[in-house]
Amino acid sequence: MKRSEIRENLFKLVYCIEFHTGEELQEQLTSYLTELEGVSEQEQEYMVHKFEDIVSRTEEIDSRINGVARGWKTVRMGKTDLAILRLAVYEMQYDDSVPVKVAINEAVELAKRFGGDDSPSFINGILAKLV
């Protein structure tokens with residue numbers, strides 16, 4: 001599985017944070033990974049580790065986003081855009097294996113696929129302010 005495919009699956013998992021908590025969130029993770037086809041055990045472990053790390057840092061990540069988002073605090077953002085931002089900020093701030101430019105570019109691509117018409121520019125603007 002390509003890293004961009006892994007990132008897309010992580011985005012979908014991060015999206016669940018808004019709708020599930022605690023044990024429910026773990027159940028969603030397990031269910032999602034069980035349904036995925038063509039994913040090696042190593043890739044699953046990688047996704048679980050990254051997802052759990054993002055969940056544990058959600059408050060920090062949201063604080064960073066809120067620090068640069070004028071008029072659009074995380075509580076007002078669309079859930080799709082917020083999930084993309086959380087993943088990208090995580091990669092930019094806490095994952096040394098992902099170059100910042102790659103994290104931004106991949107976030108914009110996810111926004112084009114899953115967000116609204118204004119999502120790519122919104123995502124790019126927030127992430128640019130963080131750099």
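The protein chain contains seven helices and zero strands. This is a predicted model. Read from one end of the sequence to the other, the elements follow the pattern α-α-α-α-α-α-α. The chain has 131 residues and a radius of gyration of 14 Å, which agrees with the value near 14 Å for a compact globule.

**Overall dimensions and packing**

- Along the principal axes, the C-alpha trace of the protein chain spans about 40 × 30 × 30 Å.
- Of the 131 residues in the protein chain, 44% are buried.
- Among contacts with a separation of 6 or more, 67% are between residues 24 or more positions apart.

**Surface and charge**

- The protein chain has an accessible surface of about 7400 Å².
- Carbon and sulfur atoms account for 47% of that accessible surface.
- The side chains of the protein chain include 16 positive and 24 negative ones.
- The centres of the positive and negative sets lie 10 Å apart.

**Aromatic pairs**

- A pair of aromatic rings is described by the distance of the centres and the angle of the planes.
- The structure holds four aromatic pairs.
- One of them is formed by Tyr 15 and Phe 19, with 5.2 Å centre to centre and 50° between the planes, and this pair is tilted.
- Tyr 15 has a relative accessibility of 32% and therefore counts as partly exposed.
- Phe 19 has a relative accessibility of 48%, so Phe 19 counts as partly exposed.
- Trp 72 and Phe 122 form an edge-to-face pair, because their ring centres are 6.0 Å apart and their planes stand at 70°.
- Trp 72 lies in the loop between α4 (58–68) and α5 (79–94), while Phe 122 belongs to helix α7 (residues 119–130), so this pair ties together parts that are 50 residues apart in sequence.
- Trp 72 is partly exposed, with a relative accessible area of 39%.

**Loop between α4 and α5: Arg 70**

- Arg 70 is also placed in the loop between α4 and α5.
- With a relative accessible area of 73%, Arg 70 is exposed, because the cut-off for exposed is over 50%.
- Arg 70 and Val 55 are 15 residues apart in sequence, and their C-alpha atoms are 24 Å apart in space.

**Helix α6: Lys 101**

- Lys 101 is located in helix α6 (residues 100–114).
- The relative accessibility of Lys 101 is 73%, so Lys 101 counts as exposed.
- Between Lys 101 and Val 131 the sequence separation is 30 residues, and the C-alpha to C-alpha distance is 9.5 Å.

**Helix α7: Leu 130**

- Leu 130 lies in helix α7, the helix that also holds Phe 122.
- Leu 130 has a relative accessible area of 18% and is buried, because buried means under 20%.
- Setting aside residues up to four places away in sequence, Leu 130 touches Arg 64, Val 68, Val 89 and Met 92.
- Leu 130 and Phe 51 are 79 residues apart along the chain, with their C-alpha atoms separated by 21 Å.

Terms used
Residues are numbered from 1 along each chain as its sequence is written. This is a predicted model: local features need pLDDT of at least 70, side-chain atom pairs count only at pLDDT 80 or more; totals for chains, interfaces and linings use all residues. Side-chain values use heavy atoms; hydrogens and water are left out. Helices (H or I, at least four residues) and strands (E, at least two) are DSSP runs, numbered from the N terminus. The radius of gyration is taken over C-alpha atoms; the globule rule is 2.2 Å times the number of residues to the power 0.38. Buried means under 20% relative accessible area, exposed over 50%, partly exposed in between (1.4 Å probe, protein chains only). Contact means heavy atoms within 4.5 Å. Accessible areas come from the Shrake-Rupley method with a 1.4 Å probe; for residues, only the protein chains shown count as cover. Lys and Arg count as positive and Asp and Glu as negative; His and the chain ends are not counted. The place of a charge is taken as NZ of Lys, CZ of Arg, CG of Asp or CD of Glu. Rings of Phe, Tyr and Trp (its six-membered ring) pair if their centres lie within 6.5 Å; planes under 30 degrees apart count as stacked, over 60 as edge-to-face and the rest as tilted.
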